[in-house]
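Visitor: I am new to this structure and would like to learn how to read it. Could you take me through a few features, beginning with the general idea each time?

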Amino acid sequence: MSVDPSTRFAGETPPPGLVGEGPPHSAGSQQRSATNRPSRGSGTSAVEVRRSARRSRTVSAYREGDRTIVLIPARMSEAEEQRWVSVMLDKLAAQESKRVLGDAELTERAERLSAQYFDGRARPTSVRWVTNQNTRWGSCTPAEGSIRLSHRLQGMPEYVVDYVLVHELAHLLVPGHGPRFWRLLEAYPRTERARGYLEGVVAADRLPHLPAARGE
C-alpha cells in the first residue's frame, strides 16, 4: 500500500479533513484501538490508532494531551499498522526535537520528571543550558541543587534530554555512581536506549573526517 504520511504537533485539534482525506467522516466510520507503545518523549505514551474507511492513502498523527493519535486507512493490515505507527512516532519526535526548550521550560520538565520517577524527592533549585560542557552531557551540584545541561543536547530526541535530566536529578539524591544510583535510574524506562544514542554520538564524533571533494 502506498501511503502519504503527515504529522501535526501536540495539542492541536484535528480539522474536519486531513491532507489526502475525503469528506469528513461520521463517528461510525472509524474503528479505534488504544495501546501503550514506546513514544519518543518521556516514558511510555498511550497510542490510539483510528481506522477510517474514508481514508485510503494517507496516514496522520498528532498529540492529544498525553496520547498520540494515529489515523490510518481501514484496510491496512496489522503489520502495516505497526510499521506506520513506528514511522509516525519517529516523525513526531523529529519535529518536536527541533524546538529548543528555554531554561524555564527545562526547569518545569525536570520537576515533572522528578515527580514521575522519584516521587518529587529530587528538588532542583535551577536547571539551565550551558555552553562550557563539551566533555559531558550534564552536571549537578547537590549542595546547591543546581543542574546544568550541555547545549550539545539541544535538538536531540526528547527522551535523550529527559534521560540526562533524570540522571542529574538522581545525583541530587545519590551523589556517586554506585549501585543505589543505578537502581534509581532503572525507574526511567528508556535509560538503555538513551545511553546507546549518546554513545553513538560520541563514537561518530571520533570518526576521522574525510576531506571534502573538490568543488564542494
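Predicted model: local features only at pLDDT ≥ 70, side-chain atom pairs only at ≥ 80, totals over all residues.

Visitor: How many helices and strands does the protein chain have, and in what order do they run?

Guide: Helices (H or I, at least four residues) and strands (E, at least two) are DSSP runs, numbered from the N terminus. Here the protein chain has five helices and eight strands, and their order from the N terminus is β-β-β-β-β-α-α-β-β-β-α-α-α.

Visitor: Which residues of α2 are buried, and which exposed residues lie on the face turned away from them?

Guide: An α-helix has 3.6 residues a turn, so residues three or four places apart point the same way. A residue is buried under 20% relative accessible area, exposed over 50% and partly exposed in between, using a 1.4 Å probe and protein chains only. In α2 the buried residues are Leu106, Thr107, Arg109, Ala110, Leu113, Ser114, Tyr117 and Phe118. Seen down the axis of α2, they fall within an arc of 160°, taken from the directions from the helix axis to the C-beta atoms, so they line one face of the helix. The face turned away from that buried side carries the exposed residues Ala104 and Arg112.

Visitor: How many aromatic pairs are there?

Guide: Rings of Phe, Tyr and Trp (its six-membered ring) pair if their centres lie within 6.5 Å, and planes under 30 degrees apart count as stacked, over 60 as edge-to-face and the rest as tilted. By this rule there are three aromatic pairs. One of them is edge-to-face and joins tyrosine 117 to tyrosine 188, at 5.4 Å centre to centre with 85° between the planes. Tyrosine 117 belongs to helix α2 and tyrosine 188 to the loop between α4 and α5 (191-206), so that the pair links distant parts of the chain, 71 residues apart. Both tyrosine 117 and tyrosine 188 are buried.

Visitor: Where does the charged end of arginine 190 sit?

Guide: A charge sits over a ring if NZ of Lys or CZ of Arg is within 6 Å of the ring centre and within 35 degrees of the ring normal. The charged end of arginine 190 sits over the ring of tyrosine 159, 4.2 Å from its centre, and arginine 152 lies over the face of tryptophan 137, at 4.1 Å from the ring centre.

Notes: Residues numbered from 1 in each chain as written. Heavy atoms only, no water.
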